[in-house]
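The stops below go from single residues out to the whole chain.

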Amino acid sequence: MKKSIYPPGSTVGVMGGGQLGRMFTLVARRMGYRIHSFSPDADSPAGQVADVEIAAPYEDEAAVSAFAKGVDVLTFEFENIPARTIEWCAAICETRPSGSVLHITQNRLREKEFLAGAGLPIAPFKAVGTAEDLAEAIRKIGAPAVLKSTAFGYDGKGQHALFHGDDPTRVWGATLGSQAVLEKFVPFVKELSVIVARGADGSVAAYPVCQNIHRNHILDVTIVPAGIDESVRRTAREIALTVAEKLELVGLMAVEMFLLEKGDILINELAPRPHNSGHFSFDACITSQFEQQLRAVCGLTLGSTDLLRPAAMANLLGDLWEGREPNWTAALESPMVKLHLYGKTAPRKGRKMGHLLAFGDTAAEAEETVRRARGRLSPAGTASRSSLFSPR
Ligand code: AMP
């Protein structure tokens with residue numbers, strides 16, 4: 001039976017088996033919840049620490065329905081779940097966030113149309129379905145621009161930079177060839193994100209604004225609090241809360257943003273779940289983003305988002321392994337450094353295997369400590385700044 005409050009002792013289902021589900025599960029179990037995990041893979045990072053792990057395809061209606069029947073409330077750690085799967089779940093148990101939030105955020109075009117319709121600031125964009133559309137979009141938007149596939153886009157996947165003079169027919173043929181969005185290149189000075197939560201009663205909470213540094217389009221380092229003016233901080237927070245309210249979100253969401261030179265902010269993208277840039281909150285906030293997702297989804301009062309100390313997070317990608325185990329002991333030489341590993345056995349290039357978190361008296365000190373700790377893992381651990389348009 002659907003209720004609105006699910007207290008400790010209830011069973012929560014998590015769709016998706018990655019590290020976000022793993023950290024959610026660890027926190028939820030600590031609070032006395034039972035966690036059932038559903039993902040296509042056995043021995044998944046989340047499944048390893050759940051009470052029950054179901055490994056079946058999202059398209060398997062019988063398995064999905066049996067899973068939904070076994071839980072009190074269901075949530076997601078991954079938004080690219082087929083719409084039909086979400087419908088099967090929602091027909092059986094409370095599903096938070098709702099299918100409509102997932103429907104919007106799993107497609108870049110729908111997401112941008114929603115944000116534009118809500119009067120929220122985003123870069124100029126145009127839908128592209130053919131080479132002719134692309135030529136027209138370039139005429140309207142101008143170059144440089146970024147061509148992005150509408151579905152399954154994250155970590156810069158399915159993206160292509162377009163410059164003055166590029167031939168639209170050649171670019172279209174050589175890259176995506178499916179539904180896409182052309183978006184104007186944004187000459188940002190910083191990338192920011194805000195994690196927000198919204199309860200079923202409409203209560204909201206926002207985490208401190210993070211500054212994110214990407215490397216090869218993948219988040220590399222997050223620094224909190226971001227080094228920005230108070231007015232920018234207020235605007236970023238307001239934008240994130242407005243997105244959550246307009247979406248009528250019940251759950252947790254990351255709002256990624258670009259900060260422009262004069263202090264304007266544009267939204268880059270949304271993720272209706274815990275986010276890599278919110279990992280700092282696991283160690284550095286009164287309530288982690290994972291506990292907050294649980295509290296929002298289970299109808300509990302949202303927890304305090306206060307930051308305990310300035311912090312910085314550095315991702316650990318599979319590239320660090322280079323045929324041998326990284327030097328964990330060396331990375332942990334600093335008493336201010338925490339290690340998180342996600343239980344993944346195959347360290348592939350670009351695969352998120354874990355992260356380090358460091359504290360400091362200032363965000364800059366925390367950043368320096370976390371970069372130094374990662375550098376001690378292997379020579380390849382030294383990070384540099386880059387963006388979609390920087391030379392590779
Ligand atoms: P996304 O998967 O859309 O978050 O893009 C990954 C990264 O590519 C972003 O974090 C930015 O660093 C860069 N990027 C994406 N869109 C743009 C844009 N319109 N202008 C400049 N850089 C972009």
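Select Cys93 first: this residue is buried, at a relative accessible area of 3% (buried means under 20% relative accessible area, exposed over 50%, partly exposed in between, with a 1.4 Å probe and protein chains only). The model is predicted, so local features need pLDDT of at least 70 and side-chain atom pairs count only at pLDDT 80 or more, while totals for chains, interfaces and linings use all residues. Residues are numbered from 1 along each chain as its sequence is written, and side-chain values use heavy atoms, with hydrogens and water left out.

Stay with the cysteines. A search of the whole structure gives zero disulfides, a disulfide being a pair of cysteine sulfur atoms within 2.5 Å. Cys93 takes part in none, and its nearest cysteine sulfur, in Cys89, lies 5.9 Å away.

Next select Cys210, which is buried at 0% relative accessibility. Its closest cysteine sulfur belongs to Cys285, and because the separation is 8.5 Å, the two are too far apart for a bond.

Move to Gln293, in helix α10, residues 289-297 (helices are DSSP runs of H or I, at least four residues, numbered from the N terminus). Is Gln293 buried or exposed? Its relative accessibility is 3%, so Gln293 counts as buried. Show its contacts (heavy atoms within 4.5 Å): leaving out residues up to four places away in sequence, Gln293 touches Phe24, Thr75, Phe76, Leu252 and Pro274.

Finally, colour the chain by domain: domain 1 is 11-95, domain 2 is 124-184 and domain 3 is 188-375, with bounds from an automatic or database domain assignment. The centres of domain 1 and domain 2, taken over C-alpha atoms, are 35 Å apart.

Methods
Helix = DSSP H or I, 4+ residues; strand = E, 2+ residues; numbered from the N terminus.
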